[in-house]
Amino acid sequence: MRLTIRQLQIFLAVAQSGSTTAAAEQVALSQSATSAALNELENLLDCRLFDRVGKRLILNDNGRLLLPQAAQVVDGAKTIEQQFLMPGMAQGGGLQIGSSTTIGSYLLPSLIAAYRHQHSELQVRVTIANTADIVAAVVNFEVDVGLIEGPSHAADLQVEPWMIDELLIVASPQHALAGGDKKLGVAQLRAAEWLLREPGSGTREAVEQALLPHLHYLQQSYEFGNSEAIKHATAAGLGISCLSHAVVADFLQSGRLVELKTSLPRLHRHFYLIHSKHKILSLRLMQFLAFCRGWS
């Protein structure tokens with residue numbers, strides 16, 4: 001077999017960085033050696049993998065076809081090295097976790113702290129982004145496992161329901177809808193201005209799935225890139241919002257927010273554990289997934 005894992009590793013580095021110069025730093029080779037390895041790979045496959053645009057190398061359709069396959073092969077090779085060639089890696093070593101924003105900000109720190117009581121040698125690299133970005137990172141083998149707040153629609157993923165999260169409709173105590181004894185009806189909620197996450201966020205999708213069957217539409221006043229910003233904006237009176245109990249618990253306790261009484265049923269969503277169906281699960285990763293399933 002003439003194709004090598006090193007060639008695929010270099011291909012991935014070039015795809016990520018956009019140049020052989022930047023890729024050379026990632027793979028600890030000279031620029032000339034990196035360029036030569038890429039040329040060898042393209043000659044071996046008898047096709048160009050990148051379009052040359054000035055000094056930039058941009059994946060073409062051939063490169064995009066190869067990308068997930070190369071990532072899978074390189075990830076599998078790394079897992080084999082960790083389990084068999086590096087002493088102690090099955091129990092320790094590094095774990096790359098991708099987390100959507102709410103989980104990463106409010107739940108993951110406690111989860112990792114609890115896990116490290118049992119595995120003190122564990123090294124963790126956490127990537128926090130919206131759900132769509134974490135799904136892409138899992139698909140591309142950039143992280144070992146993803147913890148996300150909304151359902152994933154990507155192919156080739158193993159998706160496992162993990163935890164149930166309660167969603168609360170909240171407002172500032174001074175908001176016009178706060179403080180009444182009667183439950184708010186659908187008409188009042190439709191007329192309200194809502195503060196929402198950006199499209200692609202698991203929270204945004206979960207809120208729409210929970211509310212739209214009842215309200216049919218949400219009158220958006222502002223859009224924010226994270227739930228913490230929405231929480232503060234809601235407390236400032238800019239509108240009402242629907243957020244995870246984990247996000248608003250502190251402001252509810254301090255009185256900066258109140259939960260609105262509504263005629264809607266209790267709202268909730270699932271959190272999910274995801275990994276690629278093609279990923280080789282190391283003992284370390286299986287142990288972490290098992291811990292997540294039993295953690296609350």
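Phe50 sits across from Leu59, a residue of β2. Strand β1 (residues 50-53) and β2 run antiparallel, joined by 4 bridges; two strands count as paired if DSSP finds at least two bridges between them. Strands (E, at least two residues) and helices (H or I, at least four) are DSSP runs, numbered from the N terminus. This is a predicted model, where local features need pLDDT of at least 70, side-chain atom pairs count only at pLDDT 80 or more, and totals for chains, interfaces and linings use all residues. Residues are numbered from 1 along each chain as its sequence is written, and side-chain values use heavy atoms, with hydrogens and water left out.

β1 and β2 make a hairpin with 2 residues between them. Here are two residues with a positive phi:

| Residue | Where | Phi |
|---|---|---|
| Gly54 | in the β1-β2 turn | about 65° |
| Ala28 | just after α2 | about 60° |

Now for helix α2 (residues 20-27). Which of its residues are buried (under 20% relative accessible area, 1.4 Å probe, protein chains only)? They are Thr20, Ala23, Ala24 and Val27. These four lie on the same side of α2, because they cover an arc of only 110° around the axis, taken from the directions from the helix axis to the C-beta atoms. An α-helix has 3.6 residues a turn, so residues three or four places apart point the same way. The cover over the buried residues of α2 includes α1 (5-17), α3 (31-45) and β2 (56-59), with contact meaning heavy atoms within 4.5 Å.

Definitions and conventions. Buried < 20%, exposed > 50% of the residue type's maximum accessible area, 1.4 Å probe, protein only.
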